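Q: I'd like to learn how to read the features of a model like this one. Can we go through them one by one, starting with what counts as a contact?

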Amino acid sequence: MDTTRVYEFPIREHWRQPRALLGPGAVEAAGPEAAAMGLKHVLIVTSGLAGTGIVDEVRGNFEGAGVSATVYDKVESNPKDYNVMDAYQAFSQGECDGFVSLGGGSSHDTAKGARIVAAHDGRNVNDFAGLNTSERLDNPPQIAINTTVGTGSETTPAYVITDTTSDNAPYKWVGFDRACTTTLAINDPVLMLTQPAEYVAYTGFDTMAHASECYVNRIQMHSATPQSWQAVRLVEDNLRQAYANPRDIDAMTNMMWAQYMAAQAFSSGLLGIIHSLSHAVCAWYDVHHGLNNGVGIARVWTYNVPAAPGRFADLAEAMHATKRGMSRVEKADAAIEAVIRLARDCGIPENWASAREYPKTRVGKGWYENRPTTIEPDDDELEKMATHMLNDICTPANPRMVTLETCKEILRDCAFDTMDSKAGQPLNGRPTHGGAGATLPRVGDGETPAGSLVER
Ligand SMILES: [Fe+2]
């Protein structure tokens, strides 16, 4: 009997988490930990963290512990397949025996990809998109030293790479691989104090997306939802302060915990279409992943409320947005209001058309030629991004079913409208997202990609 017609996700999978060190000064343990693992020569994979002095400091820490270190510092935002292959070449030519990723998600993800490539004798990283696609589990070890408050990649089995070369390009794919979990995660909030304010906001909204998607989605991993609820509360309580003053050690430490807990939650509880739309827009425009999530979050929550009003009411509680006597649906709407207020307080652009260059930006300067300098997609481009979004590995877990047309409408809303253009309307009167009287696609209609991520 095909039980997936009744039970969409009959078997959930809990993914193991690596050992971790968290707290001020934790980075100083990195070199001695590598020595204790028996490593002799590590490759430090990083974007360079220009102006912070962190790379030199960390290299000195390893050398002080008797571990040689070579630096690959060309990682780009939304890491590309060529970043991974270049890091692998540096690892191979340096005869290294371990990786150290230093920075945010781009550095950790590049190192994860390079580990997979190293374990498969230099095969192209684009061969490994998807769930558990690696054929060997004996990757070189990875110590992940995290410097941002969004990625969580230092503790997850996930990595995300932009394919710039195959027939699918541009395509930003997710690898979710048991071979990719890092060996040791290090979260030192002192390193996070060096982030520019914009990055605190963007990465903070990546954390909010991880936590909220895991909480409301169709997986409902009960061991993960308490962590994700707590992460939403920590973001609500600390992101404004961390954005307004990135030297606020208390706020930054709480954001460090939020990003770590949200990532542990989504490792097993998975995500939803905030991430699907973000991957699609990154593939075309090379925008910061967290900025995309900040732009997309209110629209996707608005779209998803009818599928899980009680879960969104819980998020409103986490965000201190409820009042006595509110109904469940009123609380759900209050959650959307609260997340819009948080986004605006943290300088998230109202839509992609109003997103402009920011430090180290690549908006409008994508890796391929002739990109427009603003994000104002025409109908043809919206359709291509909607197709990317529909086929993303994060889409099947989304609480509300989607079609190509609904994906396109959400993207159009993100591109041109205000964050609250659909919020607060009656649930059957959010016209562009299913619409009054519209029939939602059902399981088996073949709209949302079929099949469980975790079923066997
Ligand atoms: Fe993310």
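Q: What should I know about the model and its numbering?
A: This is a predicted model, where local features need pLDDT of at least 70 and side-chain atom pairs count only at pLDDT 80 or more, while totals for chains, interfaces and linings use all residues. Residues are numbered from 1 along each chain as its sequence is written, and side-chain values use heavy atoms, with hydrogens and water left out.

Q: Where does Gln195 sit, and is Gln195 buried or exposed?
A: Gln195 is in the loop between helix H5 (189–192) and H6; helices (H or I, at least four residues) and strands (E, at least two) are DSSP runs, numbered from the N terminus. Buried means under 20% relative accessible area, exposed over 50%, and partly exposed in between (1.4 Å probe, protein chains only). Gln195 has a relative accessible area of 6%, so it is buried.

Q: Now the metal. Which residues coordinate the iron ion?
A: Donors are N, O and S atoms within 2.8 Å of the metal (3.2 Å for Na, K and Ca); water is not among the atoms, so sites may look incomplete. In this model Asp206 (OD), His210 (NE2), His275 (NE2) and His289 (NE2) coordinate the iron ion at 2.1 to 2.2 Å. Along the chain, those donors follow the spacing D-x3-H-x64-H-x13-H. Distant parts of the chain are linked by a pair of them: Asp206 in helix H6 (residues 197–216) and His289 in helix H10 (residues 289–304) are 83 residues apart. Asp206 and His289 are both buried.

Q: What is the geometry of the iron site?
A: Four donors count as tetrahedral if all angles lie between 85 and 135 degrees; four count as square planar and six as octahedral if opposite donors are over 155 degrees apart and all others between 65 and 115; anything else is irregular. The iron ion has angles of 85 to 170° among its 4 donor atoms, and its site is irregular.

Q: How do I read a helix such as H8?
A: Start with the span: the expected value is 1.5 Å times one less than the number of residues. H8 (residues 249–269) has 21 residues and reaches 29 Å from its first C-alpha to its last, close to the 30 Å expected. Then look at burial: 16 of the 21 residues of H8 are buried, so the rest of the structure largely encloses it.

Q: What follows H8?
A: Some background: most residues other than glycine have a negative phi, and most peptide bonds are trans. Leu270 follows H8 and has a positive phi, near 65°. Leu270 lies in the loop between H8 and helix H9 (273–285) and is buried, at a relative accessible area of 9%. Gln220 is not a glycine either, and has a positive phi of about 50°. On the peptide-bond side, Ala169 and Pro170 are joined by a cis bond with omega about -5°, and Pro170 is in the loop between E7 and E8.

Q: And the strands: what is the order of the sheet with E8?
A: Strands of a sheet pair through backbone hydrogen bonds, either parallel or antiparallel. Two strands pair if DSSP finds at least two bridges between them. The open sheet of 3 strands runs E5-E8-E7, with mixed pairing. Its edge strands are E5 and E7, each pairing on one side only. E5 (residues 130–131) is parallel to E8, with 2 bridges, whereas E7 (residues 158–163) is antiparallel to E8, with 6 bridges. Phe176 in E8 stands opposite Leu131 and also opposite Ala158. As for cover, 5 of the 6 residues of E8 (residues 171–176) are buried.
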